[in-house]
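Please look over the sequence and the model shown below before reading on.

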Amino acid sequence: MCRFVIYKGTSPVQLLRLDHRRPINGDGFGVGWYDCMHDEELGCQPCIFTSVTPAWNNVNLVRLTEKIKSPLVFAHVRATTAGSLSLDNCHPWHFGKLMFMHNGGIAEFPKIKRRLQTYLSDELFNFVTGNTDSQWAFALFLSKLPDPHANQFSTQELRQAMIETIASINEMTEAVNATEPSLMNFCVTDGESIIATRYINSRHDEAASLWFSSGTTFSEYADGGHYKMSKTDKRENIILIASEPLTFEKADWMEIRTNHMVVVTPKMNLLQVPIIDNYYVQPSDPEYGGRGIDFAAAKGFLSSRRDVNPIPETTPTETHSIAL
């Protein structure tokens with residue numbers, strides 16, 4: 001499976017720390033970040049560094065991480081599920097101020113690709129340089145925005161565009177009678193807000209795993225890469241979203257529920273919102289009682305940390321701030 005991690009904080013963080021203990025996901029990587037202070041001459045777009053080499057074996061990445069800090073970082077390591085091994089296919093991608101990455105796969109994508117392209121303007125069609133389902137999904141997302149070139153986006157605009165993107169993909173895969181579900185863990189940011197989905201177009205299967213951790217400090221408490229999240233007051237100074245828990249501390253991580261969207265606002269509020277469609281199963285529904293893990297596990301998209309605390313279920317229309 002591909003894996004990703006997102007950092008958003010009130011203070012900048014050094015880009016990332018390489019993990020040499022588990023040298024997996026060797027089909028390229030990417031890291032994207034926003035400047036600590038806006039520079040009118042440089043613009044508001046993120047900087048992105050990608051490579052087709054493994055992250056643990058790239059000396060230029062080490063050099064960058066020693067010198068660059070940012071308050072908002074997207075990082076992605078790739079295990080190819082669609083598309084060739086090339087720089088154009090490495091996540092994340094950016095369009096203007098927006099940055100996007102994906103963990104999962106869209107079912108029967110070759111059968112829906114041409115139809116998806118009909119949603120796109122000429123500009124967005126030509127924006128896609130790779131051949132992955134993920135970058136085409138990003139182009140589709142951009143087509144749902146009132147103005148993808150804007151220098152500022154409301155959280156509601158990003159949320160609505162994401163909901164419409166998922167709905168359009170569902171419509172297309174249903175039209176070709178896809179024989180398996182699509183795994184759509186999408187992440188997008190404008191450098192201020194973050195939208196991340198844990199989603200599968202199935203009523204019976206778990207989506208690819210997704211977790212979050214929040215607190216006031218994230219620090220190494222023992223040699224050998226042992227980190228923990230600390231919370232000394234009610235403020236959220238740091239929010240991490242990741243495909244799997246990044247530390248051994250069980251209490252640090254909460255599992256995001258399947259077919260829910262996580263919204264991080266510019267003011268560091270974290271909201272969990274159910275994505276209510278034909279594939280959302282309400283707690284009051286007779287079908288509610290647990291989704292199967294076999295599909296996501298067989299695809300390599302499910303973390304083994306099933307003993308970490310899940311986020312308590314909310315009512316279908318409720319959003320709330322989560323404090324650990």
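This is a predicted model: local features need pLDDT of at least 70, side-chain atom pairs count only at pLDDT 80 or more; totals for chains, interfaces and linings use all residues.

Residues are numbered from 1 along each chain as its sequence is written, and side-chain values use heavy atoms, with hydrogens and water left out.

The protein has six helices and 15 strands, where helices (H or I, at least four residues) and strands (E, at least two) are DSSP runs numbered from the N terminus. Of its 324 residues, 52% are buried, a word used here for under 20% relative accessible area with a 1.4 Å probe, protein chains only. Contacts (heavy atoms within 4.5 Å) between residues at least 6 apart in sequence join residues at least 24 apart in 72% of cases.

Seven strands form an open sheet with antiparallel pairing, and their order is β3-β2-β4-β1-β12-β9-β13; two strands count as paired if DSSP finds at least two bridges between them. At the edges lie β3 (47-51) and β13 (254-255), each of which pairs on one side only.

| Strands | Bridges | Opposite residues |
|---|---|---|
| β1 (residues 3-14) and β12 (residues 238-242) | five bridges | Val5 and Ala242 |
| β2 and β3 | five bridges | Gly32 and Ile48 |

Strand β2 (residues 29-33) is mostly covered, since five of its five residues are buried. In a regular strand the side chains alternate between the two faces of the sheet. In β2, Phe29, Val31 and Trp33 point one way and Gly30 and Gly32 the other way, and all are buried.

Two packed helices are described by the angle between their axes and the distance between the axes. The axes of helix α2 (residues 109-117) and helix α4 (residues 133-143) come within 11 Å and cross at roughly 25 degrees. That angle makes α2 roughly parallel to α4, a description that applies to angles under 35 degrees. Where the two helices meet, Phe109, Lys113, Leu116 and Gln117 in α2 face Asp133, Trp136 and Leu140 in α4 as contact partners.

Terms used
Buried means under 20% relative accessible area, exposed over 50%, partly exposed in between (1.4 Å probe, protein chains only). Axes are lines fitted to C-alpha atoms, for helices over the stretch in contact, and angles run from 0 to 180 degrees between N-to-C directions. Angles under 35 degrees count as roughly parallel, over 145 as roughly antiparallel, 65 to 115 as roughly perpendicular and the rest as oblique.
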